[in-house]
Amino acid sequence: MLDTYRHKGLRKKLVEAIRLKGVTDENVLSAIEKVPRHWFMDSSFLEFAYEDKAFPIAAGQTISQPYTVAYMTELLELKKGDKVLEIGTGSGYQACVLSAAGAKVFTIERHKTLHEKSKIFLPAIGFGTIKQFYGDGYKGLPTYGPFDKIIVTCGAPYIPENLVAQLKIGGKMVIPVGEGNTQVMQSVIRLSETQTDIIDHGLFRFVPMLENRNEK
Ligand code: SAH
């Protein structure tokens with residue numbers, strides 16, 4: 001796969017644009033600079049890969065806006081080696097950014113075609129350590145948990161209890177919550193077995209998190 005000086009230059013500019021929008025975590029910004037976003041997009045969209053915009057991928061899904069990916073990754077407050085569960089593999093871009101930022105990544109996708117594509121693609125571009133699963137994100141990955149952090153990259157109608165239960169005490173989940181086409185970004189911090197603290201951030205737009213609807 002090609003990553004030319006032009007691509008690298010565009011990526012540097014994208015990082016500066018994201019910095020201007022308020023992301024300050026250097027570890028996150030350097031992860032965005034490392035991962036060639038154009039590899040995750042259809043060739044017809046190549047020239048748009050370094051605009052700060054969401055774009056369509058297969059199966060009616062989207063690759064999130066780079067700012068949103070950076071912002072959510074910053075909210076996770078990653079420490080090196082953190083075990084992170086992602087819901088909604090999609091193109092695999094967010095998973096690779098998490099991995100480039102030093103996380104041990106587990107990711108779930110409910111669309112079989114997307115899962116099968118990323119299952120081959122991520123190892124091929126050097127991200128073979130990311131563990132990929134086909135399944136329902138509402139269930140999480142009980143046998144692999146608990147996780148230091150959880151990131152949900154689709155709009156959830158509510159905070160899934162199973163996911164909170166798979167967070168370590170002191171762990172944090174970043175999740176866009178809301179039905180319809182706008183969601184409130186929330187941080188859910190697990191304080192104890194029974195208590196959580198929820199912090200609201202800004203408004204975002206995500207494709208919906210669907211339940212019991214695994215698809216080909
Ligand atoms: N993180 C992705 C964003 C993809 S869009 C990226 O960087 O490209 C959100 C993804 O969530 C879609 O691929 C959608 O199929 C998936 N999704 C929706 N509901 C889900 C569920 N219940 N379990 C797992 N994945 C789900």
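Q: In which strand is the place of E86?

A: Secondary structure is read from DSSP runs: a helix is a run of H or I with at least four residues, a strand is a run of E with at least two, and both are numbered from the N terminus. By that reading, E86 belongs to strand β3. This is a predicted model, in which local features need pLDDT of at least 70 and side-chain atom pairs count only at pLDDT 80 or more, while totals for chains, interfaces and linings use all residues. Residues are numbered from 1 along each chain as its sequence is written, and side-chain values use heavy atoms, with hydrogens and water left out.

Q: Is E86 buried or exposed?

A: The cut-offs are as follows: buried is under 20% relative accessible area, exposed is over 50%, and partly exposed is in between, with a 1.4 Å probe and protein chains only. E86 has a relative accessible area of 1%, so E86 is buried.

Q: How far apart are E86 and M173 in sequence and in space?

A: The two positions are 87 residues apart in sequence, and their C-alpha atoms are 9.7 Å apart.

Q: Where is the ligand, and which residues are closest to it?

A: A pocket is found on a 1 Å grid over the protein atoms alone, as an open set of points with protein on both sides within 12 Å along at least five of seven lines; a cavity is a set of points where a 1.4 Å probe fits but cannot get out, and lining residues have an atom within 4 Å of a point. A molecule sits in one of these if more than half of its atoms lie within 2 Å of its grid points. Here the ligand sits in the largest pocket. The elements that each give two or more residues to the shell around the ligand are β2 (62–63), β3 (83–87), α4 (93–100) and β4 (104–109). A residue is near a molecule if one of its heavy atoms lies within 4 Å of it. The ligand is surrounded by 27 residues, and the closest are G88, S91, E109, G137 and L210.

Q: Which backbone oxygen does the side chain of T73 reach?

A: T73, in helix α3 (residues 66–75), reaches the backbone oxygen of V69 with its side chain at 2.6 Å. T73 counts as buried because its relative accessibility is 1%. R190 gives a second case: it lies in strand β8 (residues 183–190), and its side chain is 3.2 Å from the backbone oxygen of E193. R190 is buried as well, at 9% relative accessible area.

Q: How many disulfides does a search of the whole structure find?

A: A disulfide is a covalent bond between the sulfur atoms of two cysteines. The test is a pair of cysteine sulfur atoms within 2.5 Å. The search finds zero. For C96, the nearest cysteine sulfur is that of C154, 17 Å away, which is too far for a bond. C96 is buried at 0% relative accessibility, and C154 is buried at 9%.

Q: Which peptide bond is cis, and which residues have a positive phi?

A: Most residues other than glycine have a negative phi, and most peptide bonds are trans. Here the bond from G145 to P146 is cis, with omega near -5 degrees. P146 lies in the loop between β5 (131–134) and β6 (147–152). A59, not a glycine, has a positive phi of about 55 degrees; it lies in the loop between β1 (55–56) and β2 and is partly exposed at 34%. E77, also not a glycine, has a positive phi of about 50 degrees and is found in the loop between α3 and β3.

Terms used:
Polar contact = N/O pair within 3.5 Å; in protein donor to acceptor, adjacent residues only side chain to side chain.
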